[in-house]
Amino acid sequence: MRKPLVWRLLAVLLGLSLLAAACGDDSSGDGDAADGDGDAAEPADEDGDAAEPADEPADGDSEDTVDVTQGGSLLQTIQDRGVLICGVSGAGTGFSVPDPDGNMVGFDADMCRANAAAILGDSTAVEFVALTAAERFTALAAGDVDLLHRNTTWTQSRDTDVGGDFGPTTFFDGQQLMGRVADGFSADSRVADVDGAVVCTNAGTTTEKNIAEAARLEGADFGGITLNTFEDFNQVTDAFIAGTCDIITTDGSGLVGRRAVNDALDDWAIFPATPISKEPLGPMYRQNDSQFADVVNWTVYAMIIADENGVTSQNIDDFLDAEEYPELGRLFGSGEDELQSAMGLTPDAFYQVITQVGNYDEVYARHLNPLGLVREGSANARWYEGGLIYAPPAR
Ligand SMILES: N[C@@H](CCC(=O)N[C@@H](CS)C(=O)NCC(=O)O)C(=O)O
């Protein structure tokens, strides 16, 4: 049954307004959002526009298949534009930092490249926009970036109030603290040991809220902390090195990264051993665009499935026989029952991801192993090795 005319007209109008939002003046990602001037940005919680198509009444179709092509998906906008605009930190050691030539390097940066390889067949077709933690949600809501791969923790408020949706967790993290060994801190230190300390972090993060809450929960014997927040984590680390901060705190991965690049393994202690929070980090995009969400999510899943099966950028061509490897045949587009075309991608979209960027483990090993972050024994291990990295089946 076709939708009544009024709903079809509404859908067209909504599609156009979504496109206008996504293609606004700043959609070239020229860095306005990164400048922090916030001009173009509406308050993040006014992003509700995008939710309206979901209110459309069910049309009563009872067919087995559904039409997955939705009006106004960001996917088409990116394909027409020919470049993916990806919001990253730009100061997240191991996750996204510019190299001396200005190339964005890291785990999150490669996740952006993987999305570009899937959507555009070209992992280099990415424009990176460096965003501080405080800027990121406004930039996303305003359409300055298509998505975030920016050490962003999936939380209830960000998933609801802030107008975002989250993809699969790509790195299971947790908040820790770092202090100087010379000040008596060790890996066995606890939050109780930072009584009276100047504790520093970056603003607009779960981190600043968690530490304030943890200090309050220490109880009556705990005198309190002085919490100082900075715009970005480079400033936080500089203040720690300068001695202005006794303790710095953020996602454990960030602390391990900063300690490694400052060659301070013996001088800076990270604690407590069990983090004070859960920080599931992953992609975030504007809410209620199911087609775009599917593409971002299945890009991550394809990288995980490849890893589960030992398929790498180097050996993928050995796994294209769809008779022998039916799931991989579907996923990489060599089987006739491939599912990528129905998602608005080319059949070989995920083949491009693996050949151009690598599987999950290759990306992890490239950027995080050198910092001392290992998957084995951590939540980021494969599910069949006791970790939480898991993908649904490609069927
Ligand atoms: N995961 C937390 C913290 C994110 C965060 O800002 N992490 C720091 C340290 S890993 C970072 O990315 N710093 C880079 C910067 O400040 O630009 C959140 O989503 O609020």
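This note walks through the fold of the model, one point at a time.

1. Ground rules. This is a predicted model, in which local features need pLDDT of at least 70 and side-chain atom pairs count only at pLDDT 80 or more, while totals for chains, interfaces and linings use all residues. Residues are numbered from 1 along each chain as its sequence is written, and side-chain values use heavy atoms, with hydrogens and water left out.

2. Overall make-up. The protein has 13 helices and 14 strands. Both are DSSP runs numbered from the N terminus: helices are H or I with at least four residues, strands are E with at least two. Of the 395 residues, 50% are buried. Buried means under 20% relative accessible area, exposed over 50%, and partly exposed in between, with a 1.4 Å probe and protein chains only.

3. Surface and contacts. The accessible surface comes to about 17,900 Å², and carbon and sulfur atoms hold 50% of that. Areas come from the Shrake-Rupley method with a 1.4 Å probe; for residues, only the protein chains shown count as cover. Take the contacts between residues at least 6 apart in sequence: 75% of them join residues at least 24 apart. Contact means heavy atoms within 4.5 Å.

4. Two strands pair if DSSP finds at least two bridges between them. β6 and β14 (residues 284-286) run antiparallel and are joined by three bridges. Here F166 stands opposite M284 of β14.

5. Axes are lines fitted to C-alpha atoms, for helices over the stretch in contact; angles run from 0 to 180 degrees between N-to-C directions.

6. Another five-strand sheet. The order in this open sheet is β10-β9-β11-β8-β12, and the pairing is mixed. β10 and β12 are the edge strands, and each pairs on one side only. On average, neighbouring strands are turned by 30° against each other, direction ignored. β8 and β12 run antiparallel, with four bridges between them. M178 has I270 in β12 as its bridge partner.

7. Helices on this sheet. α8 lies across β8, β9, β10, β11 and β12, at about 150° to β11. α9 also packs on the sheet and touches β8, β11 and β12; its direction makes about 125° with that of β11.

8. A closer look at α8. Which residues of helix α8 (residues 233-242) are buried? They are F233, V236, T237, A239 and F240. They lie on the same side of α8, because they cover an arc of only 160° around the axis. The arc is that of the directions from the helix axis to the C-beta atoms. Their cover includes β8 (175-180), β9 (198-202), β10 (226-230), β11 (247-251), α9 (252-261) and β12 (268-271).

9. The ends of α8. D232 caps the N-terminal end, with a side-chain oxygen 2.9 Å from the backbone nitrogen of N234. Just after α8, G243 takes a positive phi of about 90°.

10. After the helix α13. L388 is found in the segment after α13 (360-367). What does L388 touch, not counting residues up to four places away in sequence? Its contacts are F172, A379 and A381. L388 and F172 are 216 residues apart along the chain, yet their C-alpha atoms are separated by 8.1 Å.

How values were computed:
A polar contact is a pair of N or O atoms within 3.5 Å; within protein, one must be able to donate a hydrogen and the other to accept it, and residues adjacent in sequence count only if both atoms are side-chain atoms.
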